[in-house]
Amino acid sequence: MTQPVLSVQDLTVEFVTRRGTLRALDKVSFDIARGEVLGVVGESGAGKSVTGSAIIGLIDPPGRIAGGEVVLSGERVDHLPPEQMRRVRGKRIGMIFQDPLTSLNPLYRVGEQLIETIQTHTDLNAADARKRAIALLDEVGIPAPDRRIDGYPHEFSGGMRQRVVIALALCAEPEFIIADEPTTALDVSVQAQIIALIKRLCKERGTSVMLVTHDMGVIAETADRVAVMYAGRVAEIGPVREVIKQPLHPYTQGLMGAIPSIEGDASRLVQIPGAMPRLSSIPKGCAFNPRCSKVFDRCRVDRPELIDVGGHQVACHLYDKAQAPAGKTEIAA
Amino acid sequence: MLAYILRSLMQGLVVMLAVAFIAFSMFRFVGDPVVNMLGQEATLQDRAELTQRLGLNDPVPLQFARFVADAARGDFGISYRQGRKVSALILERLPATVELAVLSAIFAFVTGIAFGVYAAIRRDGWIANLVMSVSLIGVSLPTFLIGIGLIYVFAVELRWLPSFGRGDTVQIGWWSTGLLTTSGLKSLVMPVLTLGFLQLTLVMRLVRSEMLEVMRADFIRFARARGIPERRIEFRHALRNTMIPVITIAGVQLGGVIAFAIVTETVFQWPGLGALFVNAVQFVDVPVMSAYLLFVAFVFVLTSLLVDIVYVALDPRLRGGVLVPVK
C-alpha cells in the first residue's frame, strides 16, 4: 500500500479548564490516501472541527494535543516547533473555513492577501506573484480576475468570497486540504457550485481533502470515504457507498434515518432520542450507549475499538463476534 | 467619498451653530454687559448710548446673526477686563496650549499604542501585567496629583526641571515657540507627561482590548492557517483593524487634550488658553469665556472631521463608489 498523505493515530485533544480536563478528541485515527476525499460527519460538538485544528496545529489554548500523532507524507508534524509548523501551514496543508464573510481581512484587497500568501511560501517576485494570483482567481471561477484582484472582500458576494478563500488555500499547491464546513454559511444554490469547485480543483492537482460537514448529501456526492464522529471519537469509517448503503454503527444508522428522502413515504423523520453528551460527562464504555437502542451490558463498561467488518471499520461491540450477545452477530442493517 | 466628507462638514457646522447659540446666550444671562463695561456709576444716558452702540436694542435673531458673522471672521469682541481684542488674547495664548497639547497627544498615542500592542501580544508576560497595573493607577489618579507629584520629585527634590512657566520662547511671526530653546524644552517635559499620562493609559488599555478582540477574528485564524508569519499577522492584519475603533476614541481625546488642558496649565502656571479661561471665569469676562467655548467646540469639530477622513483612509468599506463592478 502506498503511503497515505495524512495519517492520524490515536489523536487526543484535551482542554484544561478549571473544572477539570475535557477530552474533545479521544484516540481518533484515520488515514487519507493521495487524492482521496475523506468526509467527516457528526453532530455539532462531535470533534470534527477540533480534528481539523489539531492537524494544522491551530488549537487555541487552553486546548492541547495530549496524545497520538499526525503524520503528513511520512513526516510527523504534531510536535514541530511553531516556526516550522507555520511553514507547513498553507504550504503543505491548506484550510478553508466555514464563513467566507469573516475569513478575509476586510482592510486589504483580495490581491494583497493572495500575493502575501504566495510570497510567504514561494520565491516569486511581486509581479510573478500577482500573475499567479490572477491565474488562481481565474481557476476558482472569478470572472474578470485581472480587475477583481484589486477589489476588497466586501465587494464580493458570499459565494465569490468563498472562491477567493479556496484560491488562498490552494496558493502554494498544498498536498492536503482541510475544508471545515465550507458551505454551511452559503446559499443553498451556491453550495453545490463550491463543493464541485473544491472537488474539481483537488482532483486536478491530486490534492487530498478532509471535508468536514454535517451534510450527508454533500458527503455522498463528494467523498470517497467517510468518518462518522461521535463525542470526540470515530464511530465508523469506510467507503462512502458502503457506509450509506449499509451503516453498521447504531449511531450511523440513526443519522441515515434522519435524512429526508424524496421517494420516502414516511410522514415523520426518524430521530435519535436524546442528545450528544457534554464533554464533561461522556459516559463510560461506548459514548453512544445511553441513546443506543441495541445497548447491552458490555457497552456500558468497555470502550469499543474500531474493528473491520464487511469492508469498513466500526467501533461497536455488536460486531465483535466473540463478545456480542447471541443472535446479534449478524450485520444489523 | 466626497459626499461622506461633505456630510461630516455639515454636521460640524450644525454643532458649531448650536455652540455659538450657547456662547451667545452667555452674554444675555451672565451679567449685563453695559453694567460690566461702564461700571455702577454710569449715567442712564451713557448706558442708553452704549446699549444702542452695542446693538443690544436690535431683535435677538439679528444680534445672534451678527454674533455668528463676527465670530466667523474671528472677531469675538473686547475683553471686559483687559480691554483688548479677545481674538488677540487667544492668538497670543494659542501657541503655548497647542504645543503642550500636541506634544502630549503624540506622547500619549505613540507610547499608548506601543504598550497596548505589547500588552496584547505578550498577554501573559509579567511586563504586560506590570504595564496593565501601572495603567490602572494612571486611569485612577487625578491629573493635578500627577502634576504636583512630578513637581515635587523633579523640581523640588532633584531640581532637574523648572516647576512652572514656559521658559524662554522664540518668536516666529505671531507664533511663540518653546521648542527651540533648552529651557523651553525642559519646561515642556512635566506638563506634557502630566497632560498625556491619562490619555496614554486610556489609549493603551483600549488598544490592548481591541487588539485581543481582533486577534480572535476568523480572518486572523485564516491568516495563521495560510502560514503567514505571526509578526506580520500582528502588525499588518491585526493592528490596522485595531486602529479603526481606536481612532474614534483617540480623536475625541485629542480634542479633549487641547480643550481641557486647564488643570495642567493651572498646576504648571502654563501661559496657555486654559489659564486664560480660568482667569476669565474669575472675573466674569464673558467675551473671553464665550470665545473659549467656541474654540473648544471648533477643536472638537475639527478633530472629528479629521477622524472621519482617517477612517476612510483606513477602511475601504467606507469608500463610496466601488472600484470594480460587483456581479
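This is a predicted model: local features need pLDDT of at least 70, side-chain atom pairs count only at pLDDT 80 or more; totals for chains, interfaces and linings use all residues.
Contact here means heavy atoms within 4.5 Å.

Helix H9 of chain B spans residues 218–225. Seven of its eight residues are buried, so the helix is mostly covered, where buried means under 20% relative accessible area. The buried residues are Phe219(B), Ile220(B), Arg221(B), Phe222(B), Ala223(B), Arg224(B) and Ala225(B). The cover includes elements of chain A and chain B. From chain A come helix H1 (48–56), strand S6 (93–96), helix H3 (100–103) and helix H7 (158–170). From chain B come helix H8 (182–215) and helix H10 (230–259). Gly227(B) follows H9(B) and has a positive phi, near 80°.

Strand S6 of chain A also belongs to a sheet. Strands of a sheet pair through backbone hydrogen bonds, either parallel or antiparallel. This open sheet has eight strands, in the order S6-S7-S8-S3-S9-S10-S12-S11 (chain A), and its pairing is mixed. S6 and strand S11 (307–309) of chain A stand at the edges. Each has a single partner strand, so one side of each is left without a neighbour in the sheet. From one strand to the next, the twist averages 20°. S6(A) pairs with strand S7 (residues 176–180) of chain A in the parallel sense, over four bridges. Within this pair of strands, Gly94(A) stands opposite Ile177(A) in S7(A). Elsewhere on the sheet, helix H11 (residues 250–257) of chain A lies across strand S9 (225–230) and strand S10 (233–239) of chain A. The helix runs at about 105° to S9(A).

Chain A holds another open sheet, with four strands in the order S2-S1-S4-S5. Its pairing is antiparallel. Strand S2 (20–32) and strand S5 (75–76) of chain A are the edge strands, and each pairs on one side only. S5(A) pairs with strand S4 (residues 63–72) of chain A through two bridges, in the antiparallel sense. Here Leu72(A) has Glu75(A), in S5(A), as its bridge partner.

Over all chains, the structure holds zero disulfides. A disulfide is a covalent bond between the sulfur atoms of two cysteines. For Cys299(A), the nearest cysteine sulfur is that of Cys286(A), 6.0 Å away. For Cys316(A), the nearest is that of Cys299(A), at 6.1 Å. Cys299(A) counts as buried, at 8% relative accessibility. Cys316(A) is buried too, with a relative accessible area of 8%.

Side chains of opposite charge can pair when their charged atoms come close. The structure holds 32 salt bridges over all chains. One of them joins Asp26(A) and Arg23(A), at 3.5 Å from N to O. Asp26(A) is buried, with a relative accessible area of 10%, whereas Arg23(A) is partly exposed at 36%. Another links Asp128(A) to Lys131(A), with the closest N and O atoms 3.8 Å apart. Both residues lie in helix H5 (residues 126–139) of chain A, three residues apart, about one turn of the helix. Asp128(A) is partly exposed at 31%, and Lys131(A) is exposed at 58%. A further salt bridge connects Arg300(A) and Asp297(A), at 4.0 Å from N to O. Arg300(A) counts as partly exposed at 43% relative accessibility, and Asp297(A) as exposed at 63%. Shared partners also join Glu14(A), Arg23(A), Asp26(A), Arg64(A), Arg233(A) and Arg303(A) into one network of salt bridges.

Technical notes. Residues are numbered from 1 along each chain as its sequence is written. Chains are lettered from A and ligands numbered from 1 in the order in which they are written. Side-chain values use heavy atoms; hydrogens and water are left out. Buried means under 20% relative accessible area, exposed over 50%, partly exposed in between (1.4 Å probe, protein chains only). Two strands pair if DSSP finds at least two bridges between them. Axes are lines fitted to C-alpha atoms, for helices over the stretch in contact, and angles run from 0 to 180 degrees between N-to-C directions. A disulfide is a pair of cysteine sulfur atoms within 2.5 Å. A salt bridge is a side-chain nitrogen of Lys or Arg within 4 Å of a carboxyl oxygen of Asp or Glu.
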